[in-house]
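The following exercises concern the organisation of one protein chain. Each task is followed by a solution in steps.

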Amino acid sequence: MNKTKSDYFVKARQIIAGGVNSPVRAWKAVGGKPVFVSHAKGSKIYDVSGKEYIDYVLSWGPMILGHAHPKVIASICDTAKKGTSFGAPTQAETQMAKLISEAIPSIKLLRMTSSGTEATMTAIRLARGFTGRNLIAKFDGCYHGHADSLLIKAGSGIATLGIPGSPGIPAELARLTLSLPYNDMDALRKAVKRYGSQLAAIIVEPVAGNMGVVPPRNGFLEKLRELSTKYGIVLIFDEVITGFRFTFGGYQNLIGVKPDLTCLGKIIGGGMPVGAVGGKREIMEKLAPTGDVYQAGTLSGNPLAMSAGLTTLNILKTKKISFSALDDKTNQLCRQIENLFTTKGIAVCINRVHSMFTIFFQQGPVYDLNTAQKSDTALFARFFHGMLKRGVWLAPSQYEAGFLSFAHTNRDVDRTIDACSKTLKIL
Ligand SMILES: *Cc1c(COP(=O)(O)O)cnc(C)c1O
């Protein structure tokens with residue numbers, strides 16, 4: 001890397017904590033200095049020296065139409081000319097809520113926020129306010145934003161009462177969060193049997209995307225629904241990644257399991273800061289001003305976010321969009337990558353759900369955090385840098401999801417396979 005390039009990070013570190021405004025961007029897991037981005041268009045992202053990369057990060061999921069989609073950009077510009085924030089209601093917010101509720105029928109009432117973190121934080125507060133209970137349960141390896149109650153380390157064994165996942169989170173608070181192994185029905189049954197009547201909520205990523213991609217086992221989400229109903233626990237699906245990623249709706253539409261509350265973010269903002277929480281009317285009505293559970297936001301329902309989101313969702317709703325074609329393309333990509341690794345004699349386990357995938361550097365199977373952590377992260381880091389050098393931008397950590405957008409072409413797939421083949425020669 002030339003000198004001027006690395007200078008950007010040196011300068012950033014002098015004035016921004018760690019040089020980045022979100023930790024994964026610092027590339028600590030793969031080493032080296034993060035590439036600084038100049039711009040992006042369609043399936044490509046460009047660094048400050050003008051080098052082009054095929055982007056499989058897509059801003060960590062939101063850019064499902066590709067970067068700088070002309071219609072999305074036009075709508076942002078048109079809206080901006082009329083003012084960028086009012087702190088008062090606009091019609092666009094009602095349109096957005098209506099569109100989301102039509103796509104995800106379990107959402108009867110909705111509230112917009114400015115991030116996914118605010119959405120999950122609000123969902124937890126609502127569940128506690130609604131049930132009058134304090135305990136919550138989550139699953140090891142699931143990420144729900146960085147709010148205190150949800151940033152709880154994966155405990156081992158069943159029903160480990162939370163250990164704080166970060167200094168600064170009081171143990172007293174962490175103790176209110178139970179962390180259970182993902183996909184483990186037995187642990188779930190036992191935990192709910194023991195703590196069910198004290199649990200306000202169970203929150204889950206219906207397809208886990210933050211320990212790498214881990215699909216739910218058959219029956220896991222159904223069991224969650226059944227037990228939550230039985231014990232009066234508010235079931236929260238965190239669909240911040242999965243919302244509008246596989247279909248015009250959530251993962252819940254595909255499996256027919258209805259949560260009580262759903263959290264959204266990423267895609268519904270079309271690349272602008274956004275989040276949303278919605279669900280059953282009687283729970284959502286607990287929110288102020290109808291109810292007494294407080295939640296607010298100066299920029300919530302921001303006009304620019306609403307127009308980028310509405311334009312994105314309206315495009316996703318059109319007949320021209322084929323989620324199954326995107327699924328097929330991702331399948332092609334993963335199949336070919338798998339073949340290259342097999343030929344080379346390196347064991348990988350590729351987990352894929354539609355247009356979301358992770359290449360785990362291990363034999364597999366990967367079905368929870370423990371199994372995910374068996375990966376060879378050093379080998380992954382070498383692969384990451386090899387691909388980057390050859391113009392393919394992957395997430396800088398083994399434990400992240402890769403994404404395809406509707407802007408990715410067959411040629412992008414071919415070029416990625418070529419880069420992979422060349423990288424494997426030197427791995
Ligand atoms: C990204 C993410 C969040 C947090 O959203 P932010 O907008 O980054 O606050 C929450 N849940 C899941 C599943 C996510 O992937």
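Contact here means heavy atoms within 4.5 Å. The model under study is predicted.

**Exercise 1. Domains**

State how the protein chain is divided and describe how its domains are placed relative to each other.

*Solution.* Step 1: the division gives domain 1 (2-68 + 322-425) and domain 2 (70-316). Step 2: between the C-alpha centres of domain 1 and domain 2 there are 26 Å. Step 3: across the boundary, 30 residues of domain 1 are in contact with 33 residues of domain 2.

**Exercise 2. A helix pair**

Describe the packing of helices H3 and H10 by the distance and angle of their axes, then list the residues that meet.

*Solution.* Step 1: two packed helices are described by the angle between their axes and the distance between the axes. Step 2: the axes of helix H3 (residues 91-103) and H10 come within 10 Å, with a crossing angle of roughly 35 degrees. Step 3: the crossing of H3 and H10 is left-handed. Step 4: from H3, the residues Ala-92, Glu-93, Gln-95, Met-96, Leu-99, Ile-100 and Glu-102 meet Met-306, Gly-309, Leu-310, Leu-313, Asn-314 and Lys-317 of H10. Step 5: sorted by class, this contact of H3 with H10 holds seven nonpolar, three polar and three charged residues.

**Exercise 3. A cysteine**

Is Cys-263 buried or exposed? Locate Cys-263 and list its contacts.

*Solution.* Step 1: Cys-263 belongs to strand S10 (residues 261-265). Step 2: the relative accessible area of Cys-263 is 0%, and buried means under 20%; Cys-263 is therefore buried. Step 3: leaving aside neighbours within four places in sequence, Cys-263 is in contact with Ala-119, Thr-120, Ala-123, Ile-236, Phe-237, Asp-238, Glu-239, Val-240, Ala-276 and Val-277. Step 4: Cys-263 and Lys-320 are 57 residues apart in sequence, and their C-alpha atoms are 27 Å apart in space.

Methods
Residues are numbered from 1 along each chain as its sequence is written. This is a predicted model: local features need pLDDT of at least 70, side-chain atom pairs count only at pLDDT 80 or more; totals for chains, interfaces and linings use all residues. Side-chain values use heavy atoms; hydrogens and water are left out. Axes are lines fitted to C-alpha atoms, for helices over the stretch in contact, and angles run from 0 to 180 degrees between N-to-C directions. Helices (H or I, at least four residues) and strands (E, at least two) are DSSP runs, numbered from the N terminus. A crossing is left-handed if the near helix is turned anticlockwise from the far one by less than a right angle, and right-handed if clockwise. Ala, Val, Leu, Ile, Met, Phe, Trp, Tyr, Cys and Pro count as nonpolar, Asp, Glu, Lys and Arg as charged, and the others, Gly among them, as polar. Buried means under 20% relative accessible area, exposed over 50%, partly exposed in between (1.4 Å probe, protein chains only). Domain bounds come from an automatic or database domain assignment.
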